[in-house]
Amino acid sequence: MARPDHIRSAALAVLALAAACAPPPLDATPGPPAALVRVVSWNVHDLFDDLDRTEPPGALDTVATAGEVDAKLARVAAVLARLDADLVLLQEVETAALADALAARAGYAEARLVEGNDPRGIDVAVLSRLPLRAYLSHRDERDAAGRPLFPRDCVEAHAALPGGRTLVLVGSHLSSALSDDGTRRAAQAARMRELADGLVRGGARVVAGGDLNDEAGSVALAPLLGDGTWLAPAAALPPDAAWTWSGGGDRAALDHLAVPRADAASVVQAAVAGGPDVEAASDHRPVVLDLWLR
């Protein structure tokens, strides 16, 4: 896939370093071919359709006009086209039909969305240019109190890489501080970690994250990130570059993509994308992760 010049330069620099420091050369190393893969997570903020739901879940949805839906899709698709990712995790998409429409506009062959449990009907979606071998939902899991563990779902997107390998994106939209003191987020983060660790043990390359609604160093996200086994590279950026949400004059880094520490060397670039087009589309900024995967 095409990459901006600075991305191509970064990838070439990584290859040059590998060739100089770790003979034999990368292209002579036995095994499957390497792939440069871009993963993006973005909360697109209230991508609703023009139909009024009357039954839960989703009965508290916002009803947009047809013109508002079209304009929102255009703004979001323009950002996605610029970011040019292979695998995209989205939050706050109301329906599979909207995910399909967005995929068509942004140039993605695959779109997935399973209706979650959120009363407003905002769901997790995945767009992919990589073939998806499987797409698993954890929407039916329950917490100790019998409530849905993931109000907006937690999904596994199993994407095919060259050479028969698999990249799995474990993604969710964790409970907000508006409705949770961190207890539910911690339980959700713990389950995400359990899923991600199990996939790594099974031989997959794994990225875990989404709109986690908290800072990487928070108590609530400690079950996922606290012991250092999983790293969120974009969270290590300077504060003025790392924030992913803004509102009421505040900024915070609430969105994350994490990789196992053992795969840290595969990270070519971690960034948070900004710009007027992003600001026009959402109150969140996309997290971008470029990975060199063998």
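Here are some questions and answers on how the terms apply to this predicted model.

Q: Why is A103 called buried?
A: Buried means under 20% relative accessible area, exposed over 50% and partly exposed in between, with a 1.4 Å probe and protein chains only. A103 has 3% relative accessibility, so it counts as buried. This residue is found in helix α3; helices are DSSP runs of H or I with at least four residues, strands are runs of E with at least two, and both are numbered from the N terminus.

Q: Which residues is A103 in contact with, leaving aside its neighbours within four places in sequence?
A: Contact means heavy atoms within 4.5 Å. By that rule the partners of A103 are Y108, E110, A111 and L127. The C-alpha atom of A103 is also separated by 7.9 Å from that of A77, 26 residues apart along the chain.

Q: What makes β3 and β13 edge strands?
A: Two strands pair if DSSP finds at least two bridges between them. The six strands of this open sheet follow the order β3-β4-β2-β1-β14-β13, with mixed pairing. Both β3 (110-113) and β13 (267-272) pair on one side only, and they are the edge strands. On average, neighbouring strands here are turned by 15 degrees against each other, direction ignored.

Q: How do you know that β3 and β4 pair?
A: Four bridges link β3 to β4 (residues 123-128) in the antiparallel sense, and the definition asks for at least two. R112, for instance, has V126 in β4 as its bridge partner.

Q: Which helices pack on the sheet?
A: Helix α2 (residues 66-83) touches β1, β2 (87-93), β4 and β14, and its direction makes about 160 degrees with that of β1. Helix α3 (residues 96-106) touches β1, β2, β3 and β4, at about 160 degrees to β3. Axes are lines fitted to C-alpha atoms, for helices over the stretch in contact, and angles run from 0 to 180 degrees between N-to-C directions.

Q: Why is β8 described as largely enclosed by the rest of the structure?
A: Seven of its seven residues are buried, so β8 is largely enclosed. Seven bridges join β8 to β7 (residues 166-173), and the two run parallel. H173 stands opposite D211 in β8.

Q: What makes a space a cavity and not a pocket?
A: On a 1 Å grid over the protein atoms alone, a cavity is a set of points where a 1.4 Å probe fits but cannot get out; a pocket is an open set with protein on both sides within 12 Å along at least five of seven lines, and lining residues have an atom within 4 Å of a point. Grid points are joined across faces, edges and corners, and a volume is the space filled by probe spheres set on the points. The structure holds one cavity of 30 Å³ or more, and β8 gives the largest share of the lining of the largest cavity, three residues.

Q: How much space lies in the largest pocket?
A: About 520 Å³ lies there. Of its 25 lining residues, R152, S176, A177, L178 and N213 are the closest to its centre.

Notes: Residues numbered from 1 in each chain as written. Predicted model: local features only at pLDDT ≥ 70, side-chain atom pairs only at ≥ 80, totals over all residues. Heavy atoms only, no water.
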